[in-house]
Amino acid sequence: MNQRSLLGLFTDEDTAADALDALQAEGYGTKEYEVLTGTPYPEGTFGEAEPIHKLFRWPLIGAACGFIIGLILTTGTQIAYPLVTGGKPILGIPPMAIIMYEGTMLGAILFTVVGIIFESRLPRLFMGAYDTRITEGYIGVAVTTDEERLGKAEEVLRRVGAEDITRG
Amino acid sequence: MQDHIQIDHKDINRDLLSGVLGTPSWWLGAVVFLTLVFLAGIGAFGYMLNKGIGVTGLNRPIMWGFFMTNFVFWIGISHAGIMISAILRLTQAEWRRPITRAAEVMTVFSLMAALMAAPLVHVGRPWRAALWVFPYDFARGVWPNIRSPFIWDPSAVMTYLTASSLFVFVALLPDLAVIRDRATGKWAPKIYSALCMGWRGTPRQWKLQALAGILLSALVLPVFVSVHSIVSWDFAVNIGVEGWHSTIFAPYFIIGAIHSGVSAVAMLMAVMVWLWKLDKYIRPDHFDAIGRLLIVVATTWFFFFFLEWVFALYTLEGPELALRELQVFQWPYIFLFILFLMTAYFIPVPLWLFKKVRRSIPLMFFTTVLVNVGMWLERFLIIIPGMARKTPLTFDWGTYHPSLVEILMVASTFAWVALGMLLFSKVFPLIPIFDIKEGMVFRDEVKIGRRTIPASIRE
């Protein structure tokens, strides 16, 4: 089926929430519509489903990778040419711990950033239905569904009080 | 925060993007001036490369002079971003909103200045810095000695720089979308579109953005602590210099860094109000809050400074006492020591006790400039007198006179940070737009008895 999208613009939170209720009542699934805002609102403001993510796994995996790389770097490089300096042990735990710590933190941070981008479903190559007024304070309700159901969705959005409707 | 103005989203976009979508009249002149100062430093650096490190005032036994002082100073300033952004974000302090971005960006440029000040300049032959990372004998595979603090330093600073830059980038994503929607011309919309990666503002993206702020803050904080600890160990693990070999150096350096860093943020806030006319967003209440924070930070720093002296004098060891005498009673250090104490603590802190001072932008600017003069001198007074004295592992006495080459290179780091901030402000907003808008959404007025008080609602 050919999927198309449209966007209804609302000026206040209550009407946008009503639009989501109305879409749900008309049989649209939660994956067929989403709210677009220029401001972070508290979760559930529009009655939308709570997003599920696995972000907290990313820093843990990154930290483990960073720790292992730090361990290999500090032991491997010193063992590769075991040059005793100042009578100190070839593998000294305190200085190794410093570099391994930085490696662990760097790994955790890099993976977290990749995780944030991935879990945010970015980069997004095609914007779909979008309007620049969203970053001016309008609340957008985007519906992406089969082409023949789009007309009904437009009717629902108009009925609940959309200021404007654009097709993507 | 009693002092609040409710502003429409459209006006927020217009105000906070005025520097991006337009060009303030003073901007070009400032950029040209700072570029010239920066280039003068680069010229001095080139001259030093050509003639050798002898053109500086560095000589036995003082081999760490202005460059290392400046390195420690800029590392200190870089702690501002994380102190303000991460800690205030984690504690959900409402007054953080207009100042987090500028503080984070200052962190990034300060770290670059720190890297310019020490590894690239101080070593005399900067290409040797590569040997801190790669084997300096490829044939036999002799790698850098990880027991040296000069290996710990780049690993910590580069981790911090990477983390801070990514922190800035992640928090910029929603604002990049705002610019994308407003940019005109052929290339600007395309570039901002690519940078924001197709941000639309779905609940999922906002949730991840909120989590990113908390998670990255929590991850960057331990790095922030490690960076200045490691910088302090450049000194503290050195057993040959009295005054450096101290167990208290790590926390003492960290709190000193926070003192100078937070002061630099207050300075920056004043500059933003004056130059970008952001007085609707950065209010006297914000200066009041940062002033209160500074009283606590400055006094904690002073406590560590006091402890460092107690530990040094309590042992009654001859060389240590002689070093302290040099720092406090001999010219020119006596003058610098008095200037340092007055500017870093005894003038600003008593002034900050007064609400009128904390709410006055010119006075907050003046006092925080004083703090940074004092904190630069603090690093100078730790480094130079320590090395000037003959110690068991050195054979010379000496003094230090910075050369014009060093002065120009130090000036160029200041120009670099200011220039970086100005160039950043031309392409990205210095105040996080989405954070301000969120603050407006969560604002309300509460009626208590006969008073109506502005309040912030929190989830």
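This is a predicted model: local features need pLDDT of at least 70, side-chain atom pairs count only at pLDDT 80 or more; totals for chains, interfaces and linings use all residues.

User: What share of the residues in chain A is made up of buried residues, and what makes a residue buried?

Analyst: Residues are numbered from 1 along each chain as its sequence is written, with chains lettered from A and ligands numbered from 1 in the order in which they are written. A residue is buried if 20 or more other C-beta atoms lie within 10 Å of its own, exposed if 12 or fewer, and partly exposed in between, with C-beta atoms placed from the backbone. By that rule, buried residues make up 40% of the 168 residues in chain A.

User: Which elements does chain A have, and what makes a stretch a helix or a strand?

Analyst: Helices (H or I, at least four residues) and strands (E, at least two) are DSSP runs, numbered from the N terminus. On that basis chain A has four helices and four strands, in the pattern β-α-β-α-α-β-α-β along the sequence.

User: What makes β2 and β4 of chain A edge strands?

Analyst: Two strands pair if DSSP finds at least two bridges between them. The four strands form an open sheet in the order β2-β3-β1-β4 of chain A, with antiparallel pairing. In it, β2 and β4 (164-167) of chain A each pair on one side only, and they are the edge strands. Neighbouring strands of this sheet are turned by 20 degrees against each other on average, direction ignored.

User: Where does helix α1 of chain A lie, and how is its angle to β3(A) defined?

Analyst: Helix α1 (residues 13-25) of chain A lies across β1, β2 and β3 (139-146) of chain A, running at about 15 degrees to β3(A). Axes are lines fitted to C-alpha atoms, for helices over the stretch in contact, and angles run from 0 to 180 degrees between N-to-C directions.

User: How many residues of chain A are in contact with chain B, and what counts as a contact?

Analyst: Two residues are in contact if their C-beta atoms, placed from the backbone, lie within 7 Å. That gives 51 residues of chain A in contact with 50 residues of chain B. On the chain A side, β2 (33-36), α2 (57-80) and α3 (93-119) each supply at least two residues, and α3(A) gives the most, with 14 residues.

User: What makes a set of residues a nonpolar core, and which residues have the most contacts inside the largest one?

Analyst: A nonpolar core is a set of buried Ala, Val, Leu, Ile, Met, Phe, Trp, Tyr and Cys residues joined through C-beta atoms within 7 Å. The largest has 158 residues, and B:M106, B:V262 and B:V265 have the most contacts inside it. Apart from it lies another core, of 24 residues, among them A:L7, A:Y130, A:I139 and A:V143.

User: Why are B:Q92 and B:L316 called exposed?

Analyst: B:Q92 has 11 other C-beta atoms within 10 Å, and B:L316 has 8 C-beta neighbours inside 10 Å. The limit for exposed is 12 or fewer, so both qualify. B:Q92 is in the loop between α4 and α5 (100-117) of chain B and has a positive phi of about 55 degrees although it is not a glycine. B:L316 sits in the loop between α10 (284-314) and α11 (318-329) of chain B, with phi near 55 degrees.
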